[in-house]
Amino acid sequence: RDLWQTKDQQAYDLAQQEKHKEAAEIFNSEDWQAVSEYRAKDYQAATEKFSDILNDQKQDPKHIENPNQNQNPADHYNFGHALAHTGKLDEAIAAYDQALKIDPDMEVAKQAKAIVEALKNQQEQEQQENSDSDKDSSDQDSEQQDSDQQEKKDGQENNSDQNSEGDQQQSEQQSEQESEQQSDQAQQESGQNSEQDSDKLLEEQ
């Protein structure tokens with residue numbers, strides 16, 4: 001049976017059996033190769049294939065004379081799908097715009113563009129929320145660090161005050177002891193002098 005079928009016919013039969021990867025390897029048509037890669041969920045390969053197709057179309061002299069001529073809006077539409085699946089949302093939207101430029105009434109391109117734009121807005125909102133959350137967490141860590149540093153500083157100041165009070169008390173005690181010693185010494189000297197004077201008076205009598 002295969003002997004009577006072209007490569008594209010064989011590939012088409014495989015695609016009907018959902019053997020898309022095998023079909024992509026057999027198709028002669030680049031369009032069908034790209035579509036099969038997409039259906040096989042090899043979105044990167046599909047993206048590259050659709051990009052090659054569109055670049056070839058741009059090299060066509062008819063395209064140079066009229067950019068919208070000799071272009072299939074479905075190629076841009078499918079290209080947009082493949083880009084969206086690889087996470088290139090801005091490029092996907094641009095591809096849908098190009099499809100609509102060629103065929104303004106292409107409803108599926110309008111719908112796909114709206115879906116991808118909504119997805120992009122959702123991602124941007126989530127990124128902003130995550131950024132705000134990270135900032136709040138960073139601020140809290142900074143406040144906690146400042147609080148810890150202040151507590152440490154207060155503790156050091158308290159220790160310093162206690163040490164100062166202790167030194168002052170020790171100094172006062174030492175001063176009192178020295179004063180008492182001086183007073184005792186003065187009393188002793190006074191007593192000795194008094195005894196000497198008394199002895200002198202007795203001798204004179």
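Colleague: How many helices and how many strands does the protein chain have?

Modeller: This is a predicted model, and its protein chain has eight helices and zero strands. Read along the sequence, the pattern is accordingly α-α-α-α-α-α-α-α.

Colleague: Where in the protein chain is confidence lowest, and where is it highest?

Modeller: The general idea is that pLDDT expresses the predictor's confidence in each residue, from 0 to 100. In this protein chain the mean pLDDT is 77, and 64% of the residues reach 70 or more. Helix α5 (residues 61-65) has the lowest confidence, at a mean of 57, whereas helix α7 (residues 89-102) has the highest, at 95. Over residues 194-205, pLDDT stays under 50, and the model has zero contacts there beyond four places in sequence.

Colleague: What share of the residues is buried, and how is the accessible surface made up?

Modeller: A residue counts as buried under 20% relative accessible area. By that criterion, 22% of the 205 residues in the protein chain are buried. The accessible surface of the protein chain comes to about 15200 Å², with carbon and sulfur atoms accounting for 40% of that area. As for contacts between residues at least 6 apart in sequence, 34% of them join residues at least 24 apart.

Colleague: What span should helix α6 have, and how far apart are its end C-alpha atoms?

Modeller: Helix α6 (residues 73-85) has 13 residues, so at 1.5 Å a residue it should span 18 Å. The end C-alpha atoms of α6 are 19 Å apart, which agrees with that expectation.

Colleague: What caps the N-terminal end of α6, and which residue follows the helix?

Modeller: Asn72 provides the cap at the N-terminal end, with a side-chain oxygen 3.0 Å from the backbone nitrogen of Ala74. After α6 comes Gly87, which has a positive phi, near 85°.

Colleague: Which residues of α6 are buried?

Modeller: In general, an α-helix has 3.6 residues a turn, so residues three or four places apart point the same way. In α6, the buried residues are Pro73, Asp75, His76, Tyr77, Phe79, Gly80, His81, Ala82 and Leu83.

Colleague: Is His76 buried or exposed, and which residues is it in contact with?

Modeller: His76, in helix α6, has a relative accessible area of 6% and is therefore buried. Leaving aside neighbours within four places in sequence, His76 is in contact with Leu54, Gln71, Ala95, Gln98, Ala99 and Ile102.

Colleague: What separates the C-alpha atoms of Ser51 and His76?

Modeller: The two residues are 25 apart along the chain, and their C-alpha atoms are separated by 8.9 Å. Ser51 is found in helix α4 (residues 43-59). Because its relative accessibility is 24%, Ser51 counts as partly exposed.

Colleague: How many aromatic pairs does the structure hold?

Modeller: The structure holds three aromatic pairs. One of them joins Tyr38 and Tyr43 in an edge-to-face arrangement, at 5.3 Å centre to centre with 65° between the planes. Tyr38 has a relative accessible area of 21% and is therefore partly exposed, while Tyr43, at 19% relative accessibility, counts as buried. Another pair, Tyr77 and Tyr96, is tilted, with 6.1 Å centre to centre and 50° between the planes.

Colleague: Which parts of the chain does the pair of Tyr77 and Tyr96 link?

Modeller: The pair links distant parts of the chain, since Tyr77 lies in helix α6 and Tyr96 in helix α7, 19 residues apart. Both Tyr77 and Tyr96 are buried.

How values were computed
Residues numbered from 1 in each chain as written. Predicted model: local features only at pLDDT ≥ 70, side-chain atom pairs only at ≥ 80, totals over all residues. Heavy atoms only, no water. Helix = DSSP H or I, 4+ residues; strand = E, 2+ residues; numbered from the N terminus. Contact = heavy atoms within 4.5 Å. Buried < 20%, exposed > 50% of the residue type's maximum accessible area, 1.4 Å probe, protein only. Areas by Shrake-Rupley, 256 points an atom, 1.4 Å probe, with all protein chains shown as cover. Expected span 1.5 Å × (residues − 1). Polar contact = N/O pair within 3.5 Å; in protein donor to acceptor, adjacent residues only side chain to side chain. Phe/Tyr/Trp six-rings, centres within 6.5 Å; stacked < 30°, edge-to-face > 60°.
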